[in-house]
Structure formats: structure tokens, C-alpha cells
Amino acid sequence: MIKKLLKKKKEDGQAILEFVMVLPIFLLCLFLILDYGWMFYNYIAIENSARNAARVACVEYTDVCVMRDANNNLVSSGITTYYLDDLSRYETYSQEEKDILKEIKNSVTSTTKIESITIEYTADSDLAPGHVFNTKNRSNGDVKVVVKFKLKMLIGITGGGMNKTLTTQSTYKVEKIASD
């Protein structure tokens with residue numbers, strides 16, 4: 001009987017010690033899975049919104065990324081970057097540009113902050129100097145929508161602190177305007 005008691009006392013606390021040694025590794029794995037899962041969930045949502053915005057931009061492109069000169073002639077800018085924080089220029093955007101921005105804004109969660117949306121028509125940037133700009137020429141190229149956003153992480157264990165800046169893009173072939 002005494003041998004049983006001595007043997008039992010030598011093993012007391014072994015399970016607790018093993019649990020304490022394994023717990024930090026287990027929690028680290030669990031928190032990494034949660035953080036990366038949250039990041040990928042939001043990334044996919046923004047990626048889908050960029051895809052939808054590019055879809056709209058490839059069809060409705062006559063007043064997107066377009067500037068006009070003093071004589072009201074169309075002038076190409078090739079690439080336009082929109083900052084959703086700067087709402088002072090929002091009223092100057094065309095309805096098509098507002099539709100594209102709305103596609104992205106509708107999919108944003110409360111923990112995601114859009115930093116910038118860049119829309120580029122490759123046919124505009126390929127224009128030779130002296131060529132007259134016409135939006136119908138855009139059907140010779142692609143439209144690329146790039147969304148840069150800042151995500152608030154749940155736990156912040158993935159590195160870079162509680163905020164992570166991510167970028168996603170979507171490219172579509174521009175469709176031709178139907179003939180009148």
C-alpha cells in the first residue's frame with residue numbers, strides 16, 4: 001500500500017505540466033488560423049467587389065477616367081485614382097464613376113477601410129502623342145481596377161500590428177460600344 005502511495009505522488013501534476021507546455025503552441029496555432037481566416041474572408045470580399053467594378057467599367061466606360069479641356073473636348077488621363085476619404089470631389093464624378101465606386105463601397109465591412117481605387121484603361125496609355133482621344137478606342141485594350149485597403153485584424157498576431165494593408169486587382173477586356 002505504501003508503494004502505491006509513493007508511486008502515485010511521483011506522477012502528480014504531470015498532466016498539468018504537459019498541458020501548460022502545449023497550451024501556448026496550441027493557442028498560437030488557433031489565433032493564427034483565426035487571423036488568416038479573417039484576412040482571407042475580407043480579401044475575397046474586396047476582390048469580388050473589384051471584379052464587379054471592373055465588369056461595370058468594361059461596359060460603361062464613356063465617362064470613366066475622362067477629363068475635358070477648356071473647349072469641352074475629351075482628354076484622356078489613362079489612369080485615375082479615387083480616394084473615398086476625399087468626398088470633396090465626389091460631385092464632380094460622372095454617374096458611371098459613381099456606379100463603379102458604389103460596387104466597391106457596398107462590399108466593405110466595418111473593419112475594412114478602402115484607401116484608394118485605381119482604374120486604368122490600357123488603350124488610353126498606349127495612345128501615341130498627337131492622337132485624338134476617343135473612348136471608342138478603349139475597346140482595343142483592357143480595364144484594370146486596383147483596390148488598396150487597410151484591414152483591422154482580429155488579434156494582430158500575423159505581424160504588422162492590428163492593421164494590414166492589402167491590394168487586389170481585377171482586369172477585364174473592354175467591350176465595344178454598340179453602333180448607333
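This is a predicted model: local features need pLDDT of at least 70, side-chain atom pairs count only at pLDDT 80 or more; totals for chains, interfaces and linings use all residues.

**Reading the model step by step**

Colleague: Where is Glu-97 found, and is Glu-97 buried or exposed?

Modeller: Glu-97 is found in helix 3. The general idea is to look at relative accessible area, where buried means under 20%. Glu-97 has 8% relative accessibility, so it counts as buried.

Colleague: Which other residues of helix 3 are buried, and what do they pack against?

Modeller: Along with Glu-97, the buried residues of helix 3 are Glu-96, Lys-98, Ile-100, Leu-101 and Ile-104. The buried residues of this helix pack against helix 2, strand 3 (79-82), strand 4 (112-121) and strand 5 (142-152).

Colleague: How do I read the way helix 2 and helix 3 lie against each other?

Modeller: Compare the directions of their axes; an angle over 145 degrees counts as roughly antiparallel. Here the axes of helix 2 (residues 14-59) and helix 3 (residues 95-105) cross at roughly 165° and come within 8 Å. The two helices are therefore roughly antiparallel to each other. The crossing of helix 2 past helix 3 is right-handed.

Colleague: Which residues meet there?

Modeller: Helix 2 brings Ser-49, Asn-52, Ala-53, Arg-55, Val-56 and Ala-57, and these meet Asp-99, Ile-100, Glu-103 and Ile-104 of helix 3. By type, the residues of this contact divide into 5 nonpolar, 2 polar and 3 charged.

Colleague: Could we try a strand residue too? What does Ser-116 touch?

Modeller: Ser-116 has its place in strand 4. With a relative accessible area of 11%, Ser-116 is buried. Not counting residues up to four places away in sequence, Ser-116 touches Thr-81, Tyr-82, Tyr-83, Val-146, Val-147 and Lys-148. Take one of these, Val-146: Ser-116 and Val-146 are 30 residues apart in sequence, and their C-alpha atoms are 8.1 Å apart in space.

Colleague: And the chain as a whole: how many helices and strands does it have?

Modeller: There are 4 helices and 6 strands, running α-α-β-β-β-α-β-α-β-β from the N terminus on. Of the 180 residues in the chain, 31% are buried. Among contacts with a separation of 6 or more, 72% come from residues 24 or more positions apart. The chain exposes about 11800 Å², with carbon and sulfur atoms supplying 58% of it.

How values were computed
Residues are numbered from 1 along each chain as its sequence is written. Side-chain values use heavy atoms; hydrogens and water are left out. Buried means under 20% relative accessible area, exposed over 50%, partly exposed in between (1.4 Å probe, protein chains only). Contact means heavy atoms within 4.5 Å. Accessible areas come from the Shrake-Rupley method with a 1.4 Å probe; for residues, only the protein chains shown count as cover. Axes are lines fitted to C-alpha atoms, for helices over the stretch in contact, and angles run from 0 to 180 degrees between N-to-C directions. Angles under 35 degrees count as roughly parallel, over 145 as roughly antiparallel, 65 to 115 as roughly perpendicular and the rest as oblique. A crossing is left-handed if the near helix is turned anticlockwise from the far one by less than a right angle, and right-handed if clockwise. Ala, Val, Leu, Ile, Met, Phe, Trp, Tyr, Cys and Pro count as nonpolar, Asp, Glu, Lys and Arg as charged, and the others, Gly among them, as polar.
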